[in-house]
Every structure is written in structure tokens, then in C-alpha cells.
Amino acid sequence: QLVDRYLSQSNVETSINRITEESGRRELSLFDNGTKTTMSLRDIGIGISQILPVLVHANGEQGKLIAIEQPEIHIHPALQSEIADVFIESALGEQGNKFLVETHSEHLILRIMKRIRQTTRNQLPEGATPVRPEDVQVIYVETDPKSKQAHARILRIDGQGRFVDNWPNGFFEERLKELF
């Protein structure tokens, strides 16, 4: 669904086509409605090919711990926000997965915070899965330059979808510096 929504904005649709009769192998291919061209995943930007395994695990696993490193790499910011909804649904819906996500995506974190706020205010969009602060744990890991040891800090989120604790080193403050 997520990939189809994203691709439909760019006039591309997905389909599964037979590649060769001998092997019987199938491959996901994309069809550009504008140019009437069939494309392999190898022919398009790396972002879609990077996010597909994430979507397969999020939708195909049940009761699993799924660890993902930087799912936001090479994908549009709007899609970064959407992937947060995929994680929420997979974790808090029927599948009951748990996610360990290493990310630098402000968009992903902001979507989770928005869904917490909407849940608290009873303003969730239709079909969105409710999420509460106790359903999410944000851990910031930093390395002490002197000791070279890593330190993990839990950053709490309140019911209004705001961080209770300040981000170390101004992580979320960078946007404000750029705006003003």
C-alpha cells in the first residue's frame, strides 16, 4: 500500500511479471504510465529498492523483533513520515512486532509524535492505529569523546507528543537554527 501510494504520485504502478518461462521466476516490476515503459527495480532510484525489504518484514512478520538501520535513506521526506505509520501498525496492530530502528529522520520521529498527540486528543485519522507514549521508547546514543564510551539516554515523550527531555547536542534544534 505504502509503495503503491508513493508510486501513484509519480504515475508509476507495480505489478509482478514472469521473467522467463524456463525458470518460472517472478520479479516485481514497475510500469510508468506516462512513458508506457516497464522497469525493473534495478532501473529506478535506490530508495524504493531499499524500502521494499522494510515493508516486506513489517507486513510479513508476526510477533518478531525487527531491527532496521536508517530506513529513511534515499526516500522522500513524505515517505519517511509514512513509514512511521507502517511501524506503528505492524507493532500495535494484529501483527504485534517490535521494532528497533536506528534513524536520523526527524520526519519519522515527528510522525510518531503526531500520532501520540492525535491519540490523546481523540483526533486520529480513520484507519490510523492509536499510539501512546508508553508504546514508544526513543533512545539517544552518544559517544563521550574523552572516554570513547557510548552512553544511551532515554528521551521521554508526553501525551501531547512532545519530548519531556531535551535532545543532547541540539539534534532537533537544527531546524530552528535554519529557520530563524
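**Figure 1. Valine 141 in strand 6 of the predicted model.** Valine 141 has a relative accessible area of 55% and is therefore exposed, the cut-off being over 50%. The strand that holds valine 141 covers residues 138–143. Together with Ile139 and Ile154, Val141 makes up a nonpolar patch on the surface. The accessible area of these residues together is about 280 Å².

**Figure 2. Helix 3, residues 77–92.** Helix 3 has 16 residues, which should span 22 Å at 1.5 Å a residue. The C-alpha atoms at its ends lie 23 Å apart, in agreement with that value.

**Figure 3. The aromatic pair of phenylalanine 87 and phenylalanine 99.** One aromatic pair is found in a search of the whole structure. Its ring centres, those of phenylalanine 87 and phenylalanine 99, are 4.8 Å apart. The ring planes meet at 40°, so the pair counts as tilted, a class that lies between the limits of 30 and 60 degrees. Phenylalanine 87 belongs to helix 3 and phenylalanine 99 to strand 5 (residues 98–102), so that the pair links distant parts of the chain, 12 residues apart. Phenylalanine 87 is buried, because its relative accessible area of 6% is under 20%.

**Figure 4. Serine 81 and its contacts.** Serine 81 is another residue of helix 3. With a relative accessible area of 13%, serine 81 is buried. Leaving aside residues up to four places away in sequence, serine 81 touches His107 and Arg111.

Conventions: Residues are numbered from 1 along each chain as its sequence is written. This is a predicted model: local features need pLDDT of at least 70, side-chain atom pairs count only at pLDDT 80 or more; totals for chains, interfaces and linings use all residues. Side-chain values use heavy atoms; hydrogens and water are left out. Helices (H or I, at least four residues) and strands (E, at least two) are DSSP runs, numbered from the N terminus. The expected span of a helix is 1.5 Å times one less than its number of residues. Patches are made of residues with over 30% relative accessible area and no salt bridge: like charges are joined within 9 Å, nonpolar side chains (Val, Leu, Ile, Met, Phe, Trp, Tyr) within 5 Å. Accessible areas come from the Shrake-Rupley method with a 1.4 Å probe; for residues, only the protein chains shown count as cover. A salt bridge is a side-chain nitrogen of Lys or Arg within 4 Å of a carboxyl oxygen of Asp or Glu. Buried means under 20% relative accessible area, exposed over 50%, partly exposed in between (1.4 Å probe, protein chains only). Rings of Phe, Tyr and Trp (its six-membered ring) pair if their centres lie within 6.5 Å; planes under 30 degrees apart count as stacked, over 60 as edge-to-face and the rest as tilted. Contact means heavy atoms within 4.5 Å.
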